[in-house]
Amino acid sequence: MNNYTSVKEFILLGLPHTEGLENMSFVLFLAFYLFALLGNLLIFVTILASSSLHTPMYFFLGNLSVFDIFFPSVNSPKLMVSLAGQSRTISYQGCASQVFFYHTLGGIECFLYTVMAYDRFVAICHPMRYTVIMNQRVCTSLTVCTWLGGCVHGSILTFLIFKLPYCGPNEVDSFFCDIPVVLSLACADTSLAQMVSFTNIGVVALVCFLLILLSYTRIVLSILKIRSSEGRRRAFSTCSAHLTSILLVYGPVILVYLRPASILWMDSVVQVLNNVVTPSLNPLIYSLRNKDVKVALRKMVTQMAHPSLL
């Protein structure tokens, strides 16, 4: 692949319309990044430490927390380095790595939310068989398939993009390497790569979305059959955090990858939300709206503050 490539490094042009705002932007993104790391690490440790949270639902939530630690770490550090006035260049291999990990983790995210929707479907529609269906072996298998599926997805896209020759312009019109902006720099016909990458991303996103939609259609129908309003409220509350996260995930995918024309400023705003903001919001979404997590978190903090109570 490198035999056909004369470009050794790319220049990331960064965020548009941020001239003179670099210091403020750096502080803002650093705050979001640290909050994402610390918040998701806290959720993950709480799930590990609390035996009451050792259930399939929180097993998948723990995986989501790990994902939300990795995902902003793909692009945020390089963005903050450039905002701090340091080098905006990124090596050819570094650019390929960003594309691979970004789309690998993006695939994992879609698959993971689909698995979480299925978990909620089984819990609400088949409560008496929940522990039998969602046993440890099934949960582990679903998780392994989720992470392996993301790796296959990212590998296909990275191979398609970087098998093309890059021999001329090397300015990436974004703050990180992604398919649309990198493909525009290729010195060959990109129609096949564009079509296959569009189809790959579209199929993964669409299939996952339809499975999630199917799960929640069955969930809503089951909830509507519950006679007591309190029972319906409790059933809906177990799904509200997951639904909120799904909206935050699929919005950026549709706006950036599944529309025919690209608008630079909109792409940049959406990518910032997707890369930096959303991973920092998930700890709030899942802790503030979840009684079990709040109780376990409060108990863990109390035990850490007063070890003599153990």
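## Contacts and basis

A contact means heavy atoms within 4.5 Å. Of the contacts in the chain with a separation of 6 or more, 78% join residues 24 or more positions apart.

This is a predicted model: local features need pLDDT of at least 70, side-chain atom pairs count only at pLDDT 80 or more, and totals for chains, interfaces and linings use all residues. Residues are numbered from 1 along each chain as its sequence is written, and side-chain values use heavy atoms, with hydrogens and water left out.

## Fold

The chain holds ten helices and three strands. These are DSSP runs, helices being H or I of at least four residues and strands E of at least two, numbered from the N terminus. Their order is β-α-α-β-α-α-α-β-α-α-α-α-α.

Along its principal axes the C-alpha trace spans about 65 × 45 × 30 Å. Buried residues (under 20% relative accessible area, 1.4 Å probe, protein chains only) make up 47% of the 310 residues.

## Nonpolar cores

A nonpolar core is a set of buried Ala, Val, Leu, Ile, Met, Phe, Trp, Tyr and Cys residues joined through side-chain atoms within 4.5 Å. The largest has 56 residues; Phe29, Leu61, Leu64, Tyr113, Ile219, Tyr250 and Tyr286 touch the most other members. Helices giving two or more residues include H1 (22-49), H2 (56-83) and H3 (92-125). H3 supplies the largest share, 14 residues.

Beyond its neighbours within four places in sequence, Leu64 contacts Leu112, Tyr113, Met116, Asn282 and Tyr286. A second, separate core has 23 residues, including Leu157, Phe162, Val172 and Leu183.

Definitions and conventions:
Buried means under 20% relative accessible area, exposed over 50%, partly exposed in between (1.4 Å probe, protein chains only).
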